[in-house]
Amino acid sequence: MEISAMQTAHKPLTEYKYSPQQLEKGYSDKTLYINLTENKIESKQVTQMMKEKFTGGKGFGLWYLWNGVTPQTKWDDPENEIVIAPGPVAGITQYPGAGKSLVVTLSPLTGMPMDSNVGGYFGPLLKFSGWDALEIQGKAKNDVIIVIDGNEGTIRIEEAPLEAVDGHVLGEQLTEMYAESEEDKRNIAVVTAGTAAEHTLIGLLNFTFYDVRRKVPRLKQAGRGGIGTVFRNKKIKAVVVRFRGVKGDLNHPADIAKINKAGIKLHKEICKFDNTQNRMRQVGTANIIEVMDEYDLLPTHNYKFGSHPDTYKIASNVFIEKYLTQGMADGCWYGCSLACAKAADNFKLKTGPYQGHFVTIDGPEYENAAGLGSNCGIFDPEYILEANFYCDTYGVDTISFGTITAFIMECYENGILNKEITGGLELNFGNAGAAIELLHQMSRGEGFGLIAGQGIRRIKKFLVEQYGANADFLQDIGMEQKGLEYSEYLPKESLAQQGGYGLTNKGPQHDEAWLIFMDMVNNQIPTFEDKAEALHYFPMFRTWFGLNGLCKLPWNDIVPEGNAKTAEPAKIPEHVQNYLDIFSGVTGIQIDRDELIVQSERVYNFQKIFNIRMGYGKRIHDKIPYRSAGPVTVEEYESRQERYDQQLQELINYSPDGKTTEEKVKVLRSYREAQYEKLIDAVYKRRGWTQDGVPTIEKLKEIGMDLPAVIEVVQEHL
């Protein structure tokens with residue numbers, strides 16, 4: 001269909017006009033509120049309190065969501081919100097990784113606030129159009145698009161009946177529709193979901209950026225927690241922003257020279273060291289596939305194992321040599337020389353509605369290769385790329401899909417599922433054809449894909465209630481916690497990483513704390529107190545990126561010369577100083593390392609209390625599936641018997657001689673579960689929480705998050 005015909009079919013619902021203002025020290029001091037039920041568009045003032053308590057980005061999103069919902073609000077209620085906010089530092093072009101947006105909503109999977117970090121051009125262009133955040137509430141009657149033109153100063157809501165829903169098609173259609181020329185396409189960014197987001201609870205959002213070399217809109221994802229499901233439930237087909245005139249000084253920073261200096265220093269490090277460190281410019285995050293396998297950390301067969309003889313088939317060099325286009329400036333925002341947004345070009349699809357099409361596929365990221373590949377026992381790089389593409393365009397979280405499929409495959413191999421239940425799909429480990437068909441079913445809204453798309457927590461309930469499955473076994477092997485599927489690292493031999501997953505606010509996602517190497521490989525945090533300190537500092541430090549619109553990869557995926565000789569090499573102190581410099585360079589606010597952590601503590605504790613307000617957030621909710629802490633089955637134990645027998649002997653003085661494997665599994669489990677409980681005690685104490693996981697009033701006063709509404713929630717639980 002012609003683009004002009006699609007646009008002619010649009011039905012304008014409302015328009016709002018404004019005068020775009022110059023940003024001042026990283027803020028416009030305005031946010032955009034849209035209510036789709038009422039077709040209302042209005043501007044809100046950013047208060048000084050918001051900046052002091054919440055900084056921006058994820059902080060602004062959580063604050064608006066808190067005020068938009070009640071403790072009774074469900075994810076599909078009209079009052080649930082989607083908030084997209086970039087943060088004060090976002091949009092600078094001098095320092096790598098400064099184009100991020102944070103998306104916040106109540107999650108269909110968890111019932112709690114979900115935040116997801118995403119690249120692409122949307123966040124910075126939204127900000128340069130005059131808005132520190134976009135807050136969407138209500139539900140439209142029919143499919144709509146929201147169009148923000150930051151140069152004209154107009155915002156429109158229009159019914160859009162004819163455009164596609166799948167992300168890669170819709171991104172292209174709307175980029176073409178709203179760009180005045182080929183050159184203007186780089187000034188367009190589009191947020192979409194996809195057809196599977198309409199039928200599952202694991203929907204994602206795609207954020208586009210126009211690749212001027214490939215001449216195609218590329219997709220980056222706000223993947224976790226079902227945000228795309230909320231988007232389509234609100235009948236939003238897309239959000240479009242258009243802004244031309246991007247420059248390095250649009251934040252009107254307080255001291256641009258300080259930003260320039262930090263950026264030049266990091267660009268030089270990347271140029272000098274990336275090829276010998278992590279090869280981000282060659283393969284992106286997929287550089288660690290074989291590293292994880294070597295250390296027995298690559299999830300395989302639903303996290304039963306940490307390595308596999310066939311991993312070489314999906315090793316990073318396979319993607320570099322056969323699939324990923326090399327030598328391209330693959331940054332997802334201007335000025336990012338780390339350039340990790342790799343892509344496979346002219347990839348011919350073998351299945352589904354786009355079979356035979358030649359497409360550009362973003363990725364695979366490490367998480368996709370591990371989740372879609374090894375965790376499902378599928379060591380086929382072309383399947384990984386195809387599934388990666390369809391997850392993105394259908395609007396499905398690759399991490400949840402991979403972990404769900406791995407769980408289903410283990411259930412199938414244990415006889416809990418069969419072909420009658422799955423509608424003929426033979427979901428054994430390694431069956432790529434069945435896995436991709438499961439994904440296509442999610443898009444079509446049919447078959448066993450409808451059940452799989454509900455997430456592991458609801459699949460477990462379905463299997464117990466409908467087929468009498470063993471609830472305890474499913475709890476042990478179902479790799480979800482708080483309702484969110486685990487991301488793709490095997491934490492069995494790292495107690496700190498078990499906490500890094502289990503003690504998160506939103507569920508088991510590694511963006512809060514990735515401590516496996518510090519803990520298991522380098523033994524840098526041997527005591528409970530050491531682990532608790534790491535599980536305080538690193539989640540707070542990483543939270544700060546989400547307050548400011550920053551990517552974490554330039555922090556520790558490139559390391560300066562001499563870092564190993566510093567007092568705390570895991571913190572990359574020289575890069576921490578860079579962040580202090582660019583924050584003060586933009587905002588004019590001088591902070592030190594301690595205040596950086598306090599900024600994050602305010603928002604982190606606020607999110608924790610938000611969880612409690614919604615009926616979650618207590619110690620009972622930090623329980624983890626045992627598969628993440630140790631061997632559930634005889635098969636698992638015996639695959640690493642020498643290791644586990646040695647641990648029984650050395651750690652608890654229990655002789656494995658003459659004992660059955662079942663006896664040894666039971667004794668080891670008792671020990672490991674007790675260790676996790678001790679870790680919880682230590683972490684709660686370090687974070688200033690009660691032993692039930694509730695922040696104390698003293699802690700909230702200490703960090704300046706003692707807002708009356710927050711204290712009121714806490715007092716009910718002390």
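Figure 1. Strands (E, at least two residues) and helices (H or I, at least four residues) are DSSP runs, numbered from the N terminus; two strands pair if DSSP finds at least two bridges between them. Axes are lines fitted to C-alpha atoms, for helices over the stretch in contact, and angles run from 0 to 180 degrees between N-to-C directions. Residues are numbered from 1 along each chain as its sequence is written, and side-chain values use heavy atoms, with hydrogens and water left out. As the model is predicted, local features need pLDDT of at least 70 and side-chain atom pairs count only at pLDDT 80 or more, whereas totals for chains, interfaces and linings use all residues.

**Figure 2. The open sheet of 6 strands.** The order here is β3-β2-β7-β4-β5-β6, with mixed pairing. The edge positions belong to β3 (40–45) and β6 (113–118); each has a single partner strand, so one side of each is left without a neighbour in the sheet. Neighbouring strands of this sheet are turned by 15 degrees against each other on average, direction ignored.

**Figure 3. Strands β4 and β5, with helix α3.** Strand β4 (residues 81–85) is joined by 3 bridges to strand β5 (residues 101–106), and the two run antiparallel. Ala85 has Leu102 in β5 as its bridge partner. Helix α3 (residues 58–68) lies across β2 (30–35), β3, β4, β5, β6 and β7 (134–137), and runs at about 20 degrees to β5.

**Figure 4. The crossing of helices α19 and α21.** The axes of α19 (residues 495–502) and α21 (residues 528–548) come within 10 Å and cross at roughly 35 degrees. The contact (heavy atoms within 4.5 Å) is made by Leu495, Ala496, Gly499 and Gly500 of α19 and by Phe528, Lys531 and Leu535 of α21.
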